[in-house]
Structures are given as structure tokens and as C-alpha cells.
Amino acid sequence: MEPIKTLHSRTAVLPAANIDTDQIIPARFLTTTTREGLGRNLFADWRYDAQGTPRPDFVLNRPEAQGCRVLVAGRNLGCGSSREHAPWALLDYGFRAVISTEVADIFRSNSLKNGLLPVVVDEATSRWLIEHPGAEVTIDLDSTTLTLPTGERVRFPIEAFSRYCLLNGIDELGFLLGRVSEIEAYERRT
Amino acid sequence: MFEKVWDRHLVTAETADTPAVLYVDLHLVHEVTSPQAFAVLRERGLPVRRTDLTLATMDHSTPTRTEQVFGGAPISIDSAAKQVRELEINCAAFGVELLGLRSAQRGIVHIIGPESGITQPGKTIVCGDSHTSTHGAVGALAFGIGTTEVGHVLATQCLLQRKARTFSINVSGRLRPGVTAKDLILGIIGQIGVGGSTGHVIEYRGETIRALDMDERMTVCNMSIEAGARAGMIAPDETTYAYLSGRPRAPQGADWERALEQWQQLPTDAGARFDREVEIDAATLEPMITYGTNPGMVIPISGVIPVKRDDLAFEKSLAYMGLEAGAAIKDQIVNVVFLGSCTNARLSDLRSAANLLRGHKVAKGVQMLVVPGSQQVKKDAEAEGLHKVFLEAGAEWRESGCSMCLGMNGDLVAKGQYSVSTSNRNFEGRQGVGARTLLASPLTAAACAVRGRVTDPRDLMNG
């Protein structure tokens, strides 16, 4: 996993609430057995028409959204299916962070394990970001702050161990494998 | 109850810096969310730590047409066939028991767990699937995980977890005739919202819950994730024990007695505090049906679609559905009826739909697909002659699997068509690109099939 310390990017904005993981990557693309190449089908049914032509009015198809690494979305982002293909698709497309007032549990956990940073902000910050698509923001994981182009700095919560893993590009499996003696002790006493 | 199960599975407790290491008693594996996890084990040269606590099956991308399951006809989607093959290869290579495509024990992973008796009170159960919450109906702590975590559990039998908050949903009042467990959970989600329990484990409590049978409890717990919950649980009681007793993978003899003694300790102690509590009155509920593109967009079947001004997401949702704010949902045209999924494809679900269908025909032009939750459910239903009721009414009778709930196997609803579905998600495109899903109970689905329009099942029920 690639470490994240700071991220500086313009935002792409999808204001809808409750964007579920079926929208992020529809089920028909899940018959893959690898993690790669999902980016081209990210938001497939919103992004392309029935012939597979990009819809010019969809946010990610607009010229100003190209190269954005931060996605701003409405409340309860990533609800529904547990498919880890959702953060894989977002990362493969080029996003490194998502910002919402609420990020669904499984999607948040899956994102953290793959180096996609879920940033949870208050209503006012979210509203400002949704009203200012393309805003240049800086996300600093070390100080857990989001800096808006207005200069305003907003702290965001993140679980301590996940932050440590993201900052250092460490995956959690190594940590678990280091607990083998405790796991064996648990198995002996139960 | 959640805290008791949590505490008993702590390998190491959480600290400010590190999450808890939680031991997993049962890891269920399926073909869609496991290939990349097995790949990690291969890359690192790791074995599956506890093959005896791991059980695999295939359900999501498997065909439901008999000739493709048993007749030697090829699976029509190449990538799905590859996924099925890859699970067979992975299970053989790592020594994991697989209930494969032609196994009589195969079925939707959340149906076969309880059915076989391997789902038990007090266990920690995980699977790379969000509807793992279903297993909480017996008093297990069961939740969905991602593929990276599937790899963690395969390699270490453990997960890194922060403790969830607790949420009591206390249900009182008797469900009226024609109002089912599906209507109850849809009503609950409508009330608390699709993100209403993020970060929480729900415990469903109260007299109404106690009166539900196990199949109904599973329907309720199944959709906990649709309210954003990490898991849903129901305390085990005599109904639970009677259900599990004698099942092939449940404890037997002296082991049963020992297990029972432990299970009886699980229910939440009187006076225990929850982080959040909600009261639900079940007596006022009607059959429920969704009108929008998430399960919280739900109304009583006699109701009208709400009017919300200046809500773009709401308008977009209704535009997708081709429905109008302020209009009644009753008599809306229906093109497809799907009776199936981990929410509502157990024997009692099929019985309830068959009872309503008996002596009726599926309306002209309506496709009704009946997909039993497991091969065992199929066998039991056929022993009762339920398949004949469905076939005589003009419905299709298929092999088990997830099928049209998410359409991965090619069982799809066409663009623009209205599908009354007993599944759990009405998201845009869930049942096919442009498909319009109305979630409802098996009873309501059967009534809609007969009339070809959204129909209150009570209008067709005798007496």
C-alpha cells in the first residue's frame, strides 16, 4: 500500500446522499478475480450511456474533473454491499480520498485498508465543499486536517491504528501475523 | 448480548492506539469476494489457519437454470464460470470444505449457515458479504467484511476491530394478518433511515420479535445493513433451540447440552444500557413497499409517494423509477416478480407466496421467477408440492442462488421494467441496468404477480 501523508488536489463533487457501492461499481463487473482495471467501470451506469459513450453531463466526464484525486459526496457514502471492488475502483481511477459527512462502516474499513482516505467532516464544511466543486484542498493525515482554499482548517477523525498504517504504508495483516502467540493462547483457553 | 459475545472473543483488547484482535468462530467464503484474498495468501506463502472453521460455497454468480447446474450446459457468462472454477481450485489447494455447484448442501451462504446448524448462538461469524447480519437471528455476532479482511481471517482467524456502539430496537404490538417480518424491517428502515445505525450493532427486542419464528427473525436481521448497522442480533430462546436441535452441523448429544448451557447465558441482562434505543409499534404496520432507490424510501402499500420539494436526490430517484410524487403506489404496473434472495427465500417464504398463488395465475405478460434459497429449501418445497403451485400459476422454478437480487449470473430485469422483488436492495441498476425495483414481502410479491399491478395481498387473501 502506498503511504499517504499529504494530499493536495482539486475536488470532484457528487452531491447525492446515500451513494451505494452498487453505483460505485455495478455487480456485473464483480466477476473479476483480480483487483486491477476496475477504474474504467467506476460509476459505470452514471458515466456511460447504453452504448458505452461517456455522458457529457456526468461530473467525472467534465474536463475540469480530470486529475482530481479527492471525491466529495453526500451523506452516507458507500452504503450497501461490502464489495471491496468499490475502493479498488476509486483508487484505480485515481482518487486517493473521499469526503462526506458520514461514510458507511464496511466501505470505510475497506477504504482504509487500501490507502483510500475517508475524511468525515461536519455539515457546514460539507455544504461549502459541495457548493464549490473543483476547490483546491489539502488533506494532511499527520495533523488530521483538511485545509480549504479559504484558509480554513478543519480537523477530521480517523482511527489511530489506521492512520499509522496509512502514514507508513503498512498493511494490517503483518500486525495480525505478529500476534500469533496471543492467537495460539486464545485457541488453547477456549 | 453483543458485549458478552465481543468479550468472549477478544484475543487482545483494544487500546487507544490499536484495535482489538477479535477471534472468528466461523468464516463463510463465496466465489465473488474471495479470489483476491486467496491470491494474497499465495503471494505470502501462508496457509489457511483454521480450515475447520472455514466453509465455502458459491451463490452470487452461479446459474439458476437446471441445465447449467446439473445438465452439463456451460455457464453462460465466461467470467462467472471462471470465478466458480477459481473457488474450486482455491478450496482444493488450501484444504477448505466447499459446498460446490452440484452439492445438495449448496445455497445462498446466509441460508445454508442456519439451515445446516453451523450458525449458532454466541459465535462470531464473518463473510465477505454485507448480509452476513442474517446469522445474528440466532444470537451470533455476524457481520460482513471486505476482501482484505477475508484474507486476514483466512491467514489468522482474526480481525482487527473497534467495538461498535449498541442500539436497541424494541418492537411491541402484534403484526396484523398479511403483514410480515419483511414489512416490519422495511418499516423500521423507513423510520430510522438507511444510515440510521451506522457504527452500531442492533439488538431487536420485545414481544413482537419473540413471537417471530426463526425464518422471520432472519429476514429482520438480514436487512440490518440496509439501516447502516454493523450487525443485527436477536437473543436466543426456545424458538432458537428448537430450530437448531438436530440440524446436521449443530452440536449433538452431550455437546448439545453443554452448548445450550452457554447459549442460555447470552441474552442481555435486565437493566443493561444501550447507546441508543428506539421503540417500534408493529400493530399499526401495513404491508410495505419501496418506491425509490434505497430501502428507506418505503411506504405502506395503500399510501402515496411523498412530496419533497427542493430535494434533487429525491427527484432524481423518482425520475429513475418513473414514478410521481403524490401518486398512489397501488395499481402501479408490474413486469417482473422475483421471489428469492437471502432475505426471503426460505421455506416459509415460499409457502406464504404459494398459499396466496394457489388457484391463481401469474398475470399475462408478467415474468415471475422463484429461486429457492438453497438446494435443501428446493427439495423441501418440492416435497410439499410448492413447485407445482408456482409452475401451474405460470412462474419459473429455478435452482438456488442469489440470482436476480443482483443479477450477477445473468438473471436480469430489463431496462425500464418494474420488478416487485423480495430481495433487500432497490438501488439503481441493482437488478439490471435501468431496472426499477420495488421491495416487498413474498406475500405482496405473489399478489402483485397475480394482478400484474402493485396489490395489497390482503385483497386476495381468503377470509
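## Pairs of strands in chain B

Two strands pair if DSSP finds at least two bridges between them. With that in mind, let us look at this predicted model. In chain B, strand β4 (residues 54-57) and β5(B) are joined by three bridges and run parallel. You can find one spot along this pair by looking for B:A56, which stands opposite B:L98 in β5(B).

The pair belongs to an open sheet of five strands in chain B, with the order β5-β4-β3-β6-β7 and parallel pairing. At its edges are β5 (97-99) and β7 (141-144) of chain B, each of which pairs on one side only. Going from one strand to the next, the twist averages 20°.

## A second sheet in chain B

Chain B also has an open sheet of four strands, again with parallel pairing, in the order β11-β10-β9-β12.

Strand β10 (residues 200-205) of chain B pairs with β11(B) in the parallel sense, over three bridges.

Now to the helices of chain B. Helix α2 (residues 35-44) and helix α6 (residues 147-156) of chain B have axes that come within 8 Å and cross at roughly 50°. Because of that angle, α2(B) is oblique to α6(B). Is the crossing of α2(B) and α6(B) left-handed or right-handed? The crossing is right-handed.

On the α2(B) side, the contact is made by B:Q36, B:A37, B:V40 and B:L41. On the α6(B) side, the residues are B:T147, B:V150, B:G151, B:L154 and B:A155. Sorted by class, the residues of this contact are six nonpolar and three polar, with no charged ones.

## Chain B as a whole

Stepping back, chain B holds 16 helices and 19 strands. Its radius of gyration is 21 Å, close to the 23 Å that the globule rule gives for 463 residues, so chain B is as compact as a globular protein of that length. Along its principal axes, the C-alpha trace of chain B spans about 55 × 55 × 50 Å.

## One strand, two partners in chain A

For example, A:T6 has A:D140 as its bridge partner in β5(A).

Strand β1(A) is also joined by four bridges to strand β2 (residues 70-73) of chain A, and this pair runs parallel. Here A:A12 has A:L71 as its bridge partner in β2(A).

## Where the chains meet

How many residues of chain A are in contact with chain B? There are 44, and they are in contact with 52 residues of chain B. Several helices of chain A each supply at least two residues of the side that touches chain B: α1 (21-24), α4 (105-112), α6 (160-168), α7 (172-177) and α8 (180-189).

By class, this side of chain A has 15 nonpolar, 14 polar and 15 charged residues.

Definitions and conventions. Residues numbered from 1 in each chain as written. Chains lettered and ligands numbered in written order. Predicted model: local features only at pLDDT ≥ 70, side-chain atom pairs only at ≥ 80, totals over all residues. Contact = placed C-beta atoms within 7 Å. Nonpolar A, V, L, I, M, F, W, Y, C, P; charged D, E, K, R; others polar. Axes fitted to C-alpha atoms, helices over the stretch in contact; angles between N-to-C directions. Parallel < 35°, antiparallel > 145°, perpendicular 65-115°, else oblique. Left-handed = near helix turned anticlockwise from the far one by under 90°. Rg over C-alpha atoms; globule rule 2.2 N^0.38 Å.
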